[in-house]
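Hello,

Here is the structure I said I would pass on. My notes follow below it.

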Amino acid sequence: MNESFKRGAREGLRLMLPMSVGLLPWAIVTGVAMRSTGLSAVESLGMNLIVYAGTAQLGTLPLIAAGAPLWLIFVTALVLNLRFVIFSAALAPAFHGASWSKRLLSGYLLVDGLFVLCADRLLRSDDPHWRWGFYVAPAMLCWSMWQLGGLVGVLGAGVFPKDWSLEFMTTIALMVMLVPMVKQRAMLVAALVGGLGAVLLRGLPLRLGVIAGIALGIAAGFIAEHWSEKRRQAW
């Protein structure tokens, strides 16, 4: 652990600390939701540890509760996490030359907030030790906060009053991360179409409205980007 790694870790932690605190209520809600679905405490903590993806966990819980087929639960989790494929591809140059174990750990620890806040600086640095410290330190902080919040939610599922409406914390946390990412018109179109589609199609069986909304959002984003590119070429 050299000085460059330590300096990157300190800078990453300072940058990520405010957002990582916001993960706590989201993780607590997820913990409560897992127990409410009927999972045991051990199953809930295992899911929190293995899946480590709030949107996928919350998105698949209604399917588990409804007794949906395993393939549909699996596909839903994949679709909800599809964005991490894009995030990983964007971050790949920052991990060029890193060992297989580091890249595997990096993929497991990647979360939305980490990509939003750290990607730009990671890609601009030429120091691999600084980059690793800048990534892994805040990533471990987020992981710890998520596991701690999940543990509180799982163990306290029967304690939290239902009129606290904690589920809104998940939406608020996602909005805080989503808004800074919407920097281009195509992104805005994708977000609006995807969100509206999921709301309007929420009546579909087995919660398929979420998958349909995601598909509509991706398609709208590609079309908007294609039109924007054609307009740029026409000018």
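Y108 is partly exposed, with a relative accessible area of 29%; buried means under 20%, exposed over 50%, and partly exposed in between (1.4 Å probe, protein chains only). Rings of Phe, Tyr and Trp (its six-membered ring) pair if their centres lie within 6.5 Å; planes under 30 degrees apart count as stacked, over 60 as edge-to-face and the rest as tilted. Y52 sits in the loop between α2 (41-50) and α3 (54-65) and Y108 in helix α6 (residues 100-109), so the pair ties together parts 56 residues apart in sequence. Helices are DSSP runs (H or I, at least four residues), numbered from the N terminus.

This is a predicted model: local features need pLDDT of at least 70, side-chain atom pairs count only at pLDDT 80 or more, and totals for chains, interfaces and linings use all residues. Residues are numbered from 1 along each chain as its sequence is written, and side-chain values use heavy atoms, with hydrogens and water left out.

F95 and W132 form an edge-to-face pair, 6.4 Å centre to centre with 85° between the planes. F95 lies in the loop between α5 (82-91) and α6, and W132 in helix α8 (residues 128-155), so this pair ties together parts 37 residues apart in sequence. F95 is buried at 13% relative accessible area, and W132 is buried at 14%.

The whole structure has 7 aromatic pairs. Ring pairs also link F84, F87 and F115 into a cluster.

Regards

Key:
Helix = DSSP H or I, 4+ residues; strand = E, 2+ residues; numbered from the N terminus.
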